[in-house]
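This report walks through a structure in short sections. Please look over the sequence and the model before reading on.

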Amino acid sequence: MSTKTDKIDRLAELTASTETSTGASLWVEAWRRLKSSKMAVIGACIIGVFVVVAIVGPWVAPYSPTAQLWRGEVLTNQNVFVGPRAENWLGLDHLARDEFSRMLVGARQTLLVGIVATLLGFTVGALVGGASGAALVLGGKVGRRIDTVVMRVIDMMLALPSLLLAVSIAAVLGQSLTTVMIAVGVVQIPIFARLLRGAMLAQGGSDYVLAAQALGVRKRRIALGHVLPNSLSPVIVQTTLSLATAIIEAAALSYLGLGNPDSAVPEWGVMLAQAQRYFDSAPMLAVYPALGIIITALGFTLLGEAMREALDPKLRS
Amino acid sequence: MSLLQLNGVKVHFPVKKGILFDRTVGHVYAVDGVSLSVEPGQTYGLVGESGCGKTTLGRAVLRLVDITDGEVVFDGTDLAKLPDEEMRRFRRRLQMVFQDPLGSLNPRQNIESILSEGMEAHGIGADQTERRERIRKILARVGLPANALSRYPHEFSGGQRQRIGIARALVLEPDVIICDEPVSALDVSIQAQVINLLEELQQEMGLTYVVIAHDLAVVRHISDVVGVMYLGSLVEEAPSDTLYAEPRHPYTRALMSAVPVPDPEVEDNRERILLTGDLPSPANPPAGCRFHTRCPWKQDTLCATDRPELRDLGGGHKVACHWAEEIADGRISPTHNAAQVVPAGHDGHGGDDGDGGSTGPAEAVKTEKAATAAE
């Protein structure tokens with residue numbers, strides 16, 4: 001009898017001790033779910049490889065990406081191209097430069113444009129949307145009016161086709177890589193602003209906000225301490241997805257000739273544009289950068305989608 | 001002297017339209033002139049069907065919605081006219097427990113953070129250690145384990161979450177707690193636990209409750225005084241036992257008759273009133289008595305033209321009906337255009353001999369809405 005009670009006591013002790021472990025916050029749980037998602041792992045691997053290549057690319061590239069080392073071997077007017085071979089893994093481009101080295105070095109430009117553009121869109125968009133949402137949550141006539149005005153401006157931005165807007169910005173600011181970053185970033189602003197504002201609006205009407213108000217919590221703390229943190233998940237997901245869009249749009253702008261004026265500096269979009277002319281005789285020259293862009297964008301999209309699922313409060317167990 | 005007194009409280013929500021700047025095109029008369037008073041240590045129960053404005057009234061007391069007109073006098077202060085910051089400070093003494101236990105807890109806060117937030121806002125407790133001590137006491141009192149502190153709302157069961165909600169209100173040591181449907185989201189077995197907890201806490205701490213519910217049994221169990229709301233106004237108010245023993249307003253009768261009786265014989269023979277039609281839109285409430293469009297006892301005079309005031313019939317039993325005495329005496333019988341009349345044990349149209357007020361087995365008037373309200 002006593003052994004039985006001992007056993008029960010020990011069991012109770014054991015269960016109790018695990019019970020005292022700290023609770024899992026939503027972020028911790030989301031991270032746990034993210035780690036177990038295949039989609040997230042594949043996406044993260046792709047992004048990881050891409051980032052490493054972008055960082056170390058220029059140092060590990062076997063040849064200079066701008067030097068025409070095999071001049072004479074490539075004769076574009078006679079449709080003579082050099083395909084993959086032992087010393088040039090991906091062959092030579094139309095100016096007899098090593099395609100593999102150019103791909104490696106080009107990754108950095110692409111990543112830079114993607115990150116800077118998304119960062120620009122995220123920062124400005126989140127500020128505008130957050131301010132607008134906070135004004136709305138803090139309430140009052142003034143708050144509502146501020147929100148209305150800001151959101152109408154954002155709506156106008158949203159109404160313009162993104163690539164067209166980017167082209168006009170690039171045209172006004174002149175041809176440079178910075179222009180591409182700004183153009184692609186500006187296009188992202190209304191997306192982030194609307195998203196954050198919408199999420200804050202939805203959270204602002206929730207019961208726990210009402211409860212905080214009933215508790216006597218100050219409105220500023222409600223807006224920044226309750227509404228904002230709960231509205232961030234869609235924005236975080238969008239940031240990842242935006243990186244993919246930004247990379248594609250940056251490539252598109254470069255392709256259209258609005259990117260870096262120095263076409264010797266490798267960039268995937270530019271490479272794609274240049275390869276187009278020789279597509280009949282050397283299609284692979286277009287396929288490499290295109291694949292690079294697609295796979296990278298895919299990586300970010302996969303991670304973004306996985307994050308969307310991980311952060312979904314409805315899937316919380 | 002009553003601790004909380006409402007005088008002609010109105011909450012009208014503007015209906016807005018417009019592209020760039022909103023323009024008010026009408027109002028929803030959610031609460032339209034409610035007066036009541038709550039004595040210290042008492043429980044005031046508010047019942048009514050969905051959409052009758054009982055939740056809005058509860059929120060109006062805490063100024064969580066803007067009060068259009070009227071006074072909310074708490075301990076001698078009219079809350080309706082207080083500046084925002086002073087109102088915020090008053091909320092320490094007036095707390096609220098919400099219907100949805102999970103929805104009313106911020107999913108990103110752990111229990112310690114949820115419970116200490118109110119104390120921080122009101123400057124209670126010198127530091128976190130002192131606050132934590134107070135939180136531990138309250139947690140033990142509402143029956144939650146001490147290790148709950150570092151856990152998050154989604155890790156608890158429904159009943160535990162509601163206990164957290166109650167603890168959150170209690171740490172501020174309030175005088176009045178407004179319980180907005182405190183148990184309707186919980187399992188029946190848990191409901192009893194939470195109701196009992198609320199009662200124990202009231203006795204220990206001398207709390208005053210305003211309990212908003214649509215469950216007539218819950219309200220009867222917990223309340224000293226019950227007010228029945230219909231379309232934004234009180235139609236009847238009486239001490240709990242009196243109201244349940246002899247409801248005087250036609251609407252209250254319909255509500256009460258929808259509560260099933262566990263005795264099958266009584267159940268078969270008792271009066272049942274099934275109201276026809278829906279609750280009218282609070283954006284366009286009927287003129288005169290709000291209930292006259294569905295009232296089985298509607299008369300040709302007064303009902304459609306004059307809005308009845310809540311008047312005392314004696315013994316604190318207040319009714320807002322022009323014909324309350326006549327209906328009770330059986331001098332007025334139900335008219336049949338507004339309600340379906342089914343005699344007990346028969347199918348089809350019932351006789352006209354029913355006096356409606358008696359407990360006689362002959363008359364049964366049914367109400368669909370009342371059934372929903374009593375669920």
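## Basis of the report

The model is predicted.

## Helix packing in chain A

Two packed helices are described by the angle between their axes and the distance between the axes. In chain A, helix H4 (residues 99–138) and helix H7 (residues 177–204) have axes that come within 5 Å and cross at roughly 30 degrees. Angles under 35 degrees count as roughly parallel, and H4(A) and H7(A) are therefore roughly parallel to each other. Their crossing is right-handed. Sorted by class, the residues in the contact of H4(A) with H7(A) are 25 nonpolar, ten polar and two charged.

H7(A) also packs with helix H9 (residues 219–255) of chain A, at an angle of about 160 degrees and with the axes 9 Å apart. An angle over 145 degrees counts as roughly antiparallel, so H7(A) and H9(A) are roughly antiparallel to each other. The crossing of H7(A) and H9(A) is right-handed. The contact of H7(A) with H9(A) has 17 nonpolar, eight polar and one charged residues.

## Spans listed in the record

An unreviewed UniProt entry lists residues 40–61, 111–137, 149–171, 177–196 and 286–307 of chain A under "transmembrane region". Residues 286–307 of chain A are 100% helix and 0% strand, with end C-alpha atoms 32 Å apart.

## A covered helix in chain A

How many of the nine residues of helix H10 (residues 268–276) of chain A are buried? Seven are, and H10(A) is mostly covered. The buried residues of H10(A) are Trp268(A), Gly269(A), Val270(A), Met271(A), Leu272(A), Ala273(A) and Ala275(A). What covers them includes H4, H9 and helix H11 (284–311) of chain A.

## Chain B as a whole

Chain B has twelve helices and 15 strands. Of the 375 residues in chain B, 48% are buried. Among the contacts in chain B between residues at least 6 apart in sequence, 65% join residues at least 24 apart.

## One residue in chain B

Phe156(B) sits in the loop between helix H4 (128–141) and helix H5 (158–170) of chain B. Is Phe156(B) buried or exposed? A residue is buried if 20 or more other C-beta atoms lie within 10 Å of its own. Phe156(B) has 20 C-beta neighbours inside 10 Å, so Phe156(B) counts as buried.

Apart from its neighbours within four places in sequence, Phe156(B) is in contact with Arg161(B) and Ile164(B). Phe156(B) and Leu102(B) are 54 residues apart in sequence, and their C-alpha atoms are 9.1 Å apart in space.

## Where the chains touch

On chain B, 29 residues are in contact with 26 residues of chain A. Helix H2 (84–90), strand S6 (94–97) and helix H3 (111–122) of chain B are the elements that give two or more residues to the side of chain B that touches chain A. H3(B) gives the most to this side, with four residues. By class, the side of chain B that touches chain A has nine nonpolar, ten polar and ten charged residues.

Conventions:
Residues are numbered from 1 along each chain as its sequence is written. Chains are lettered from A and ligands numbered from 1 in the order in which they are written. This is a predicted model: local features need pLDDT of at least 70, side-chain atom pairs count only at pLDDT 80 or more; totals for chains, interfaces and linings use all residues. Axes are lines fitted to C-alpha atoms, for helices over the stretch in contact, and angles run from 0 to 180 degrees between N-to-C directions. Angles under 35 degrees count as roughly parallel, over 145 as roughly antiparallel, 65 to 115 as roughly perpendicular and the rest as oblique. A crossing is left-handed if the near helix is turned anticlockwise from the far one by less than a right angle, and right-handed if clockwise. Ala, Val, Leu, Ile, Met, Phe, Trp, Tyr, Cys and Pro count as nonpolar, Asp, Glu, Lys and Arg as charged, and the others, Gly among them, as polar. UniProt positions are given in the numbering used here, feature names are shortened, and annotations may be inferred rather than shown by experiment. A residue is buried if 20 or more other C-beta atoms lie within 10 Å of its own, exposed if 12 or fewer, and partly exposed in between; C-beta atoms are placed from the backbone. Two residues are in contact if their C-beta atoms, placed from the backbone, lie within 7 Å.
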